[in-house]
Amino acid sequence: MKKISYIFCLSLFFIFSAISAASANSLTAMNVPIPTVMYHKISDNPEEWNDYCISSAQLRSDFEELKKSGFTPITVNEYLDMADTYKRALTERNANAEVALREKLTKSPNPILITFDDGYKDGYSILFPMLKEYGFKANLSMVGSYEGNGDFLSKEQIKEMSDSGLVQFGNHTYALHDKMKNNLKNYYTFTQNYDIIKNDFVKNADLLREWTGKNDAFFTYPYGVSSDLTEKILDDMGVRVSLVTDLSAKFVKLSDSPRKISRLNRTLTESSSALVTKIINMKTRQSYSSAYNAMANYYSAGTVKNENPTVKAGNSIPIRFYSNGNVYEFTGNIENNTTSVALEELKKYGNISAKTASNNKIRINHFGVCDVVINSANVVTVSAQVRGQANLPVRAFFEFLGYTVNYDAVSKTVEIR
């Protein structure tokens with residue numbers, strides 16, 4: 001009897017461990033990097049164009065490319081809500097939070113933050129109508145002392161834009177933006193400036209609250225300049241989200257701190273397609289790199305180190321990939337199926353940037369020297385010699401991302417659902 005009880009308890013342990021692992025894997029897959037793109041002024045006067053001022057046609061082209069690539073522009077508050085839900089699901093193992101996060105990501109797939117700095121009036125005349133047309137959302141950081149002055153938004157326009165739900169306004173200082181970048185660096189260094197800096201930040205926050213009727217302003221550092229002192233001031237103000245101008249733009253993930261989020265500047269000469277391709281590539285590298293590092297622990301290299309996949313010419317083991325209710329199929333003979341829809345789906349949903357190589361292999365560039373192969377024993381594996389993780393199974397990769405992978409020995413078919 002004791003033996004039966006022991007086996008029962010042990011079975012429960014393994015079941016709950018498996019459920020817990022699956023949940024953790026699913027959550028990790030939802031820990032998406034969110035690109036943040038920085039704009040400033042929009043003008044149709046060519047004399048004004050530079051890396052901080054683009055034309056309305058260029059902005060429209062950007063929106064078209066973002067829409068075509070499946071991006072969903074969100075507000076800072078929506079990002080923060082996703083991040084809070086993710087952290088609650090992860091730390092509390094809250095199943096309801098995990099479901100809620102999945103629903104949020106389903107509603108806003110491929111989220112991106114579009115930001116505009118300073119508060120130019122073209123935000124109302126050009127950006128705002130375009131947001132309505134595309135159903136996009138943007139985040140606009142306002143320098144309070146500029147309100148209503150010539151080339152900048154009025155408080156009435158700010159109110160209308162905020163009320164639409166398409167624009168969230170952020171704090172860009174009241175007047176400190178007028179100090180030059182190097183002056184700000186020095187100014188932010190001295191603790192005796194605490195009260196002066198805080199009074200400026202608070203004054204602008206109060207104005208934004210008065211103009212919008214909302215108390216949800218994030219903070220955007222002019223020129224991206226910050227310091228330990230300014231971060232303490234934001235802490236004391238209760239500001240949770242801040243943005244900087246790190247042009248390398250490591251995209252923020254849901255697990256990251258929401259402070260000092262870096263942004264990718266939209267320059268003048270880059271085409272819209274090049275910009276969006278760069279965003280996709282940067283996001284993919286970040287997603288896949290973190291997934292790989294975590295998966296090294298999830299699926300021990302020792303488990304698979306003895307596998308020695310060999311590719312046979314003409315191998316035709318089917319792989320079925322299920323996505324959004326659709327079924328895609330391709331075979332192990334990748335070389336003869338380079339245009340397969342399934343391969344495109346794998347690239348999209350598996351964060352794989354792949355291209356056909358010789359010997360029926362799909363080469364994944366993010367690993368360095370890495371091949372996906374189907375061997376003579378019908379085992380789908382990844383070989384990644386550069387990182388010392390030889391022959392890591394594709395099964396583990398997709399399971400880590402939250403998919404279910406089965407191999408049907410009768411039909412000799414690998415299914416990824």
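Helices are DSSP runs of H or I with at least four residues, numbered from the N terminus. By this convention, helix α2 of the predicted model covers residues 56-68 and is followed by Gly70, whose phi is positive, near 85°. The helix comprises 13 residues. Its span from the first C-alpha to the last is 18 Å, close to the 18 Å expected at 1.5 Å a residue.

In Thr173, phi is about 80°. This threonine lies in the loop that connects strand β8 (167-171) with helix α7 (181-187). Its relative accessible area is 0%, and Thr173 is therefore classed as buried. In Tyr223, phi is positive at about 60°, although this residue, too, is not a glycine. Tyr223 is located in the loop between strand β9 (219-220) and helix α9 (228-237). With a relative accessible area of 31%, Tyr223 is classed as partly exposed, whereas Thr173 is buried.

At the level of the whole chain, the secondary structure amounts to 13 helices and 21 strands. Of the 417 residues in the chain, 48% are buried. Among contacts with a separation of 6 or more, 66% are made by residues 24 or more positions apart. The accessible surface of the chain is about 19,600 Å². Carbon and sulfur atoms contribute 52% of this surface.

The confidence of the prediction was examined along the chain. The mean pLDDT is 74, and 61% of the residues reach 70 or more. Over residues 6-23 the pLDDT is below 50, and this stretch has 1 contact in the model beyond near neighbours in sequence. Over residues 330-394 the pLDDT is likewise below 50. For residues 330-394, the model contains 181 contacts beyond near neighbours in sequence. Where pLDDT is low, the predicted coordinates should not be read in detail.

How values were computed
Residues are numbered from 1 along each chain as its sequence is written. This is a predicted model: local features need pLDDT of at least 70, side-chain atom pairs count only at pLDDT 80 or more; totals for chains, interfaces and linings use all residues. Side-chain values use heavy atoms; hydrogens and water are left out. Helices (H or I, at least four residues) and strands (E, at least two) are DSSP runs, numbered from the N terminus. The expected span of a helix is 1.5 Å times one less than its number of residues. Buried means under 20% relative accessible area, exposed over 50%, partly exposed in between (1.4 Å probe, protein chains only). Contact means heavy atoms within 4.5 Å. Accessible areas come from the Shrake-Rupley method with a 1.4 Å probe; for residues, only the protein chains shown count as cover. pLDDT is the predictor's confidence in each residue, from 0 to 100.
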